[in-house]
Amino acid sequence: MIVKDAVCPFCGCLCDDIEVEVEEGRVVAVTNACELGTTKFMGEKRMKNPILRVGDEWKDITYDEAVKYAADMLLAAERPLLYGWSGTHGEAQCVGVHMAELIHGVIDNTSSVCHGPSILAIQEVGHPGCTLGVVKNRADLVIYWGSNPIDAHPRHLSRYTRYAEGFFLENAFRDRKVIVVDVRKTESANIADEFIKIRPGGDYAVLSALRAIVQGKADTIPRTVAGVTREQLVRVANLCKSAKFGAVYFGLGLTMTQGKYKNIRNAIELVSELSRHTKFTISAMRGHYNVYGSNEVNTWMTGYPFGIDFSRGIAFYNPGETTAVDILARKECDAALIVGSDPAAHFPRKCLEHLAEIPVVQLDPYPNATTAFCNVQIPVAVTGIDAEGTAYRMDGVPIRTRRVLSSDYLSDEEVLARMYALMQEARER
Amino acid sequence: MKVTLAMKPAAKWFIPIEAESIVPKNFLSGTDLRVWRGNRELRLDEVFSVSVEGDADRAEDVEVVLSGDTFRLKRVGEYLDAGKITVLGGIGMHCGNFMSGGTIEIHGNADGWLGREMAGGTIVCRGDAADYCASGYRGGRKGMKGGTVEVFGRAGDFLAESLAGGTVIVHGDAGDMTGAEMRGGTLVVHGDCSRPAANMKDGSCYVYGTARGMIPTFKKIGTVQHDGRTLIRFSGDLANRGKGNLFVKGYEYLD
Amino acid sequence: MTELLVKNACVIDPLRGINGETMDIAIRDGKIVEEVSDAAEVIDARGMLTLPGGVDSHTHICGTKVNFGRYMSPEDMRAGRTPRRGAMHATSGYSVPTTYGNSYRYSVMGYTTLLEGAMAPLEARHTHEEFTYTPLQDTMANTLFDGNWAILEAIRDGDVKRVAAIIAWTLKAVKGFGVKLTNPGGTEAWQWGKNVSCIRDPVPYFEVTPAEIIRSIVEANELLHLPHSVHLHCNNLGTPGNYSCTLGSFGLIPDLNEKRQTLYATHVQFHAYGGSEWKDFCSKSEPIARFVDMRPQIVMDMGQVMFGRTTTMTADGPMEFNLYRLHHEKWSNHDVELETGSGIIPVIYRRKNLVNSIMWAIGLELALLTKSPWQCLLSTDNPNGAPFVKYPEIIGLLMSKRYRDAEFATVHPDTESRVPLPAIERELDWHEIAVMTRAGAARALGIQDLGKGHLAPGADADVAIYPLKIDEVDPSAEYQKVIDAFSRTEYTIKRGRVVARRGECLVHGSNATLWVAPKVSDGYDMGKDPDFIEKFDRYYTVRMSNYPVQEEYVTRNRRIETEAEL
Amino acid sequence: MTFLMITGRTVNQGVTVENKTSPEYAAETSTCFMHEFDMMELGLDDGDAVRVTGPCGEVVMRAAASPEVEMGTVFVPYGPYANHIVAAGTRSTGMPDFKSHEVEIEPADEEPKLVHELMEDLGGLAYDR
């Protein structure tokens with residue numbers, strides 16, 4: 001059987017033109033997807049059934065036992081942390097929010113360690129953006145700033161920018177300029193028309209300088225700014241101003257370096273400045289699959305995109321305080337539910353040391369690094385492969401993912417709904 | 001009246017306690033107050049040994065003294081408008097948020113967001129203050145609007161972010177993005193700091209040490225004498241069409 | 001079977017010509033019926049004012065743009081936070097509350113049906129997801145066609161039937177309700193950073209004018225026999241002197257429909273400005289109201305501005321950018337490929353600001369100067385002019401000259417010379433308010449035949465009972481009582497169940513979505529049109545098969561089929 | 001020698017990220033990409049073990065030459081090895097300093113640990129079925 005127009009569950013591009021060939025309940029071939037997507041579709045070695053850690057042993061348990069364990073753990077906790085969510089569908093995320101609200105816990109998603117700083121910046125200055133198709137059809141200038149699409153979003157270049165055909169571009173490859181800004185000459189830099197190499201930690205200064213130059217104040221700028229010559233900055237500012245439609249795509253090179261969200265704020269303010277001269281947009285290269293969906297769901301349900309603390313019943317939001325890394329490193333939670341992510345692989349060690357001390361339940365199809373810190377792991381269907389639901393693309397376009405396989409695994413949503421039902425019952429008693 | 005709150009040891013000592021009820025005026029009507037440890041509501045005396053000496057009719061005459069391991073105690077002195085809070089050790093996040101009057105004195109270190117969005121009154125911190133001292137809230141347009149915050153140790157990153165009024169003085173070094181988005185008020189750092197006054201619109205920022213990673217979009221005006229020091233005066237942030245004043249003893253660009 | 005009997009209700013039901021009659025309302029299984037058995041649960045309304053459930057014919061509550069307004073505004077969110085309580089989930093936000101916040105607050109005010117004013121087709125799924133979490137109202141979505149490439153091309157080719165066919169395919173695909181034009185042509189121009197100044201400016205590349213877009217789409221709308229008319233946000237919103245553009249747009253509209261208007265012009269306050277610049281800015285509510293009085297084919301809503309902080313959000317991207325340059329607050333913009341755009345900025349309307357004071361006056365003037373309340377409905381273009389929780393105050397202002405004068409005394413002193421408001425004596429009555437907030441809105445949306453906006457047997461049992469006796473309250477003097485009553489129902493009944501009582505929501509609820517599926521002949525099925533398919537595949541970034549909104553997204557499906565002349 | 005350590009995503013990290021118990025994932029995320037001159041100075045060949053010491057401890061990785069990396073900096077694919085030495089402080093933003101850590105690098109004579117061994121060091125229990 002061949003499933004057409006399947007939606008790739010790997011990165012925030014959510015490519016929806018994938019063909020998946022399935023034989024005897026296994027994916028045997030994937031067409032159109034990049035290497036990352038293909039591997040994800042072909043994934044094997046799933047965990048077979050829920051497991052419970054007893055001393056230094058793993059014991060198989062039933063789904064009912066596992067769900068009960070999780071519900072009891074969360075009900076008993078004084079400050080439970082519900083973390084992850086980017087690897088699952090909106091429908092499951094909604095149940096997660098309802099759970100956090102009911103048990104007065106903290107709910108955070110992986111954006112706190114990817115584009116959380118971008119959100120903080122947007123909350124200060126807004127976000128002039130657009131859907132990916134607008135860029136594909138119109139942009140004659142694309143800037144990748146601190147992002148490396150060849151490695152992280154391999155089809156971004158071919159579907160939307162460098163190699164994409166566009167309605168208003170006769171010859172997209174020739175008519176569209178690509179600039180890459182980074183601290184190292186990545187592979188993406190090799191296919192750019194211009195590469196701006198910045199000293200590590202210098203993005204903010206370069207962005208400020210560009211803003212001033214766009215305003216016609218080049219004369220006050222020092223001869224070099226973070227390793228970039230004034231001449232190059234002036235040239236780039238002119239390229240931007242003379243473009244008909246410019247688009248900036250920024251990545252973790254801006255969100256993870258010194259200044260964090262202030263870098264993004266500066267980039268957005270540069271784009272707002274350029275908007276006085278020509279059309280310019282800016283967008284984040286959202287990484288993990290449905291991470292943008294977790295922001296959307298959390299926002300319409302709680303008012304905030306991530307890092308929401310319901311300890312006091314009402315929603316309190318303060319990244320840096322109510323975000324997962326901070327809470328774990330400061331040992332400020334006493335139980336954790338992990339869904340659709342692998343914090344043990346992605347968080348600093350100090351966070352893991354606390355995970356080792358508190359009860360942890362994880363929903364994940366595979367054994368992963370976090371498994372080692374679990375008291376219980378519940379294997380679930382792979383979202384976007386054997387479970388269908390809603391995911392939001394990096395530009396906010398919501399797509400319903402297709403189920404390409406059927407399996408006996410419960411989806412995240414189903415497992416969470418069972419937990420939630422038990423918890424509601426307990427609270428009503 | 002003097003109210004002494006001595007923190008009791010707790011089993012789950014790491015769960016933060018929110019104690020916005022600890023403001024002097026609340027003690028005028030007794031000590032039957034509530035605090036929250038995570039999602040559990042607790043009586044004040046479940047968390048503290050409470051003792052009261054003397055009495056008072058008005059908040060101005062109340063002093064609250066906190067002792068013990070209070071570094072996880074959040075929101076103490078929120079909306080303080082009169083009276084005094086003395087913290088013998090360290091204090092947790094959000095101490096003195098929204099305060100409009102009165103005094104908070106901290107003998108140890110203060111955690112993040114000390115004096116966030118304060119409008120008046122005085123905070124003195126004898127130790128270090130962590131990030132976002134005297135700052136604003138997420139997405140907010142204005143930070144601290146009035147009053148004084150004085151830190152005798154060091155301050156963390158984002159000190160006085162979006163400062164709109166009042167005075168902030170740090171005797172030690174400050175961290176990165178000191179005084180970012182300033183739009184008014186006065187910020188004084190006696191030591192060094194990194195990237196001061198980035199994107200400032202207005203206000204005055206003084207750095208008596210060295211400004212590292214100096215933002216390249218400030219215009220040098222000349223030197224001035226200030227408080228017996230020779231400082232270099234800049235105007236900016238040009239990138240933000242700002243008209244602020246930045247005075248530094250020395251500076252280094254990231255060139 | 002569940003039965004409910006509301007006894008001793010003082011009913012105003014304008015669509016049935018009932019004006020203040022004391023009567024009983026019988027309800028069975030979610031519908032109004034002639035009578036119920038003795039086993040029915042009884043509510044004694046004790047003579048309180050009882051109206052059909054409120055219908056908001058233009059509000060922004062769900063979807064990409066609204067959610068972005070929330071996302072970028074943590075400072076707005078922290079105002080108005082409530083914890084989970086009983087059947088109510090936690091809520092946050094003031095001007096752009098969470099979906100539960102919207103739903104509960106509307107319900108407490110007696111509103112049971114809401115029209116989301118702008119949905120980009122590509123992002124329709126998002127709007128429908130949020131509808132699901134707006135459980136205490138029935139919802140429908142106006143679908144944006146202002147910059148739709150396929151339609152612009154069809155208009156250029158003079159093919160109105162093709163325009164209609166594209167609308168039919170899209171509405172059905174995205175489960176949309178009505179046709180919305182926001183700054184027609186302007187949103188496409190904005191994707192080049194440009195705009196159109198009024199209805200005669202050609203759109204770059206496509207070379208059609210807003211006038212042609214409006215006229216063709218109005219015609220297409222009627223070919224499809226849609227329940228609602230074209231819903232227009234005119235070009236040139238918010239600029240001094242724009243009233244002439246507004247009149248020009250209205251002048252394009254023939255009277256094509258016997259049952260309802262042919263054009264619904266939304267938030268006309270923002271389009272009724274005189275002067276040539278901000279310095280000589282003034283009200284032009286009079287010519288607009290006079291024009292509308294003479295043309296039954298036009299219905300408008302007020303777009304009232306109220307003082308305070310709010311968030312503006314519209315598909316009108318270029319207008320928001322101009323606002324941003326004025327206020328230099330935060331600015332978000334979101335262009336949608338091949339379709340439309342949107343912009344968001346927070347604003348504060350201040351009494352001490354002359355322009356804001358004039359805007360405040362204009363909205364009220366439109367409602368007071370337009371003779372028929374059926375032609376000027378109550379709205380704030382929530383949250384653009386003000387959050388909807390201000391509706392009760394607006395009702396108070398419309399019903400009381402004394403209240404208006406008291407407020408007028410607090411606005412910018414120069415306002416008096418720029419607006420006719422102080423000279424207007426008219427005070428609206430209960431019946432007129434009922435028209436402006438439910439009956440008229442239901443008729444304008446074309447949903448009265450679907451059981452909305454009235455209490456005839458067969459209608460949806462959506463009822464609002466306000467704690468107020470109209471024969472005991474003089475709204476002219478006791479306007480505060482009016483405001484209080486309209487702020488909090490005694491009972492809000494939705495689909496035959498009491499969903500809110502004295503400010504508390506009592507049930508979880510579940511939303512129904514009304515959407516339109518026009519039936520067209522095979523030759524006009526765009527899903528089979530090779531040119532349409534080819535362009536879709538080449539220029540959109542989602543596959544055509546992944547574009548339609550699936551049934552899973554509609555909790556309670558109210559599909560409306562129309563017989564198109566295609 | 002002191003280096004600035006930058007972490008980031010790579011295709012190989014992405015390809016193996018769904019199978020974190022695999023040797024491929026361990027190999028990719030324990031690779032320390034360096035400038036070849038820096039490697040020469042430390043006497044390292046491709047594939048040699050290095051001990052990388054950061055603000056929060058040390059971890060053994062394997063060096064690999066990369067033309068993308070500047071002298072004085074090293075690039076490590078985002079994963080458990082880099083995180084073993086990254087500080088958890090976020091400067092109160094929620095985001096650790098993933099891209100700006102100073103580290104000490106020296107040749108080592110032990111093998112990089114497996115992912116589950118790293119986890120066990122921190123109090124976890126490997127699952128190996």
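In this predicted model, 52 residues of chain A and 46 residues of chain C make up the contact between the two chains. Several elements of chain A each bring at least two residues to the side that touches chain C. They are helix H3 (90-103), H4, strand S8 (128-130), helix H5 (132-138), H14 and strand S22 (398-400). By class, this side of chain A holds 21 nonpolar, 18 polar and 13 charged residues.

Take strand S8 of chain A. It is joined by 3 bridges to strand S16 (residues 332-335) of chain C, and the two strands run parallel. Within S16(C), C:Asp335 is the residue that stands opposite A:Cys130. Strands of a sheet pair through backbone hydrogen bonds, either parallel or antiparallel.

Now take the helices. Two packed helices are described by the angle between their axes and the distance between the axes. Helix H14 (residues 291-302) of chain A packs against helix H1 (residues 64-71) of chain C at an angle of about 80°, and the axes are 9 Å apart. H14(A) is therefore roughly perpendicular to H1(C). From H14(A) come A:Asn295, A:Glu296, A:Thr299 and A:Trp300. They meet C:Asn67, C:Arg70 and C:Tyr71 in H1(C). By class, this helix contact has 2 nonpolar, 3 polar and 2 charged residues.

Chain A also touches chain D. Here the contact takes 59 residues from chain A and 47 residues from chain D. The class count for the side of chain A that touches chain D is 28 nonpolar, 17 polar and 14 charged residues. Helix H4 of chain A also supplies at least two residues of the side that touches chain C.

Chain D carries a record annotation. An unreviewed UniProt entry lists residues 3-100 of chain D as "domain: Molybdopterin dinucleotide-binding". Over that stretch, the chain is 24% helix and 31% strand. The end C-alpha atoms of the stretch lie 10 Å apart.

The contact between them takes 12 residues from domain 1 of chain A and 10 residues from domain 2 of chain A. On the domain 1 side, these residues divide into 7 nonpolar, 4 polar and 1 charged.

Chain A also has an open sheet. Its 5 strands follow the order S11-S10-S9-S14-S15, and the pairing is parallel. Strand S11 (194-197) and strand S15 (279-284) of chain A stand at the edges. Each has a single partner strand, so one side of each is left without a neighbour in the sheet. From one strand to the next, the twist averages 15°. Inside the sheet, strand S9 (residues 141-145) and strand S10 (residues 177-182) of chain A pair in the parallel sense over 5 bridges. A:Trp145 has A:Val181 in S10(A) as its bridge partner.

Which strands does helix H11 of chain A lie across? Helix H11 (residues 230-242) of chain A lies across S9, S10, S11 and strand S14 (245-250) of chain A. The helix runs at about 135° to S11(A).

Methods:
Residues are numbered from 1 along each chain as its sequence is written. Chains are lettered from A and ligands numbered from 1 in the order in which they are written. This is a predicted model: local features need pLDDT of at least 70, side-chain atom pairs count only at pLDDT 80 or more; totals for chains, interfaces and linings use all residues. Two residues are in contact if their C-beta atoms, placed from the backbone, lie within 7 Å. Ala, Val, Leu, Ile, Met, Phe, Trp, Tyr, Cys and Pro count as nonpolar, Asp, Glu, Lys and Arg as charged, and the others, Gly among them, as polar. UniProt positions are given in the numbering used here, feature names are shortened, and annotations may be inferred rather than shown by experiment. Helices (H or I, at least four residues) and strands (E, at least two) are DSSP runs, numbered from the N terminus. Axes are lines fitted to C-alpha atoms, for helices over the stretch in contact, and angles run from 0 to 180 degrees between N-to-C directions. Angles under 35 degrees count as roughly parallel, over 145 as roughly antiparallel, 65 to 115 as roughly perpendicular and the rest as oblique. Two strands pair if DSSP finds at least two bridges between them.
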